[in-house]
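Please walk through this structure with the sequence at hand. The text below takes a few residues in turn and describes where each one sits.

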Amino acid sequence: MFIFAHIGLTLGSAVLVSKVFLEYRKRCENKLPVPSRVTAAPSEADRSYSKKTGLKALSGFLDVRLLIIGSMLPDIVDKPIALLPFGNGRSIAHTALVLLVVLIAGLLLAKNLRKTWLLAIAIGMFTHFFFDSMWSSPQTALWPFDGLAFPTPAQRIGLGQISLWWSTLISNRSIDISEGIGLLIVMGFMWILVCERKLKSFLKSGKI
Ligand SMILES: [Zn+2]
């Protein structure tokens, strides 16, 4: 997968999970006996798309900017390495070992210091690992337990690697579809930010 698929599908799945979590919490709250509950009309903020979609709740828990960066981080690290005389675009940052270390550190930081910045990056890296189907490349995913070497590239490294990525992008139908879906989600996300005039505050603070 490439940029839009990783960012879009990560955003989409994170929003979906936060939406399910919100609904579950709402149902639990509704089961509690409330003697004299007054049903107030939904406010303008309640009707906003960011609230309806669960995007607002997600940004209350995680910095969505870091989630997006995390969703691309393995490629940001490994793709430039592939231009050197080793690596194939999926090496050290695509391993389960690195993912686990970042994830555990993120969980510890969130639990002990209530800082979720590293957890946001770790969740993004996890979705990248998942959407790259890394289980189909066990030599990389299980490094170094399945051998110290990473798989050798199918085509010559260096600038030839860039043309290989480009030809894969334009010739592989499943990649086109996932990139298209991802692009639609990213556009929807941008549309919500622009419509609700939250683009600036999002870029500054990660809050929506
Ligand atoms: Zn990747």
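Helices (H or I, at least four residues) and strands (E, at least two) are taken here as DSSP runs, numbered from the N terminus. The model is predicted, so local features need pLDDT of at least 70 and side-chain atom pairs count only at pLDDT 80 or more, while totals for chains, interfaces and linings use all residues. Residues are numbered from 1 along each chain as its sequence is written, and side-chain values use heavy atoms, with hydrogens and water left out.

Begin with the loop between helix H5 (96–113) and helix H6 (117–131), where Arg114 is found. The phi angle of Arg114 is near 55 degrees, a positive value in a residue other than glycine. Arg114 counts as exposed because its relative accessibility is 74%; exposed means over 50% relative accessible area, buried under 20%, and partly exposed in between (1.4 Å probe, protein chains only).

With a relative accessibility of 79%, Arg197 counts as exposed.

Now turn to helix H6, which holds His128. Is His128 buried or exposed? His128 is buried, because its relative accessible area is 0%. Its side chain makes a polar contact with the side chain of Asp132 at 2.9 Å and another with the side chain of His6 at 3.5 Å. A polar contact is a pair of N or O atoms within 3.5 Å; within protein, one must be able to donate a hydrogen and the other to accept it, and residues adjacent in sequence count only if both atoms are side-chain atoms. Setting aside neighbours within four places in sequence, His128 is in contact (heavy atoms within 4.5 Å) with His6, Ser71, Met72, Pro74, Asp75 and His94.

The next residue is Asp63, in the loop between helix H3 (55–61) and helix H4 (64–82). Asp63 is buried, since its relative accessible area is 15%. Which residues does Asp63 contact, leaving aside its neighbours within four places in sequence? They are Ala120, Ser205 and Gly206. Gly206 is 143 residues from Asp63 in sequence, yet their C-alpha atoms are 5.1 Å apart in space.

The last stop is a peptide bond. Trp143 and Pro144 are joined by a cis peptide bond, with omega about 5 degrees. Pro144 lies in the loop between helix H7 (138–141) and helix H8 (159–171).
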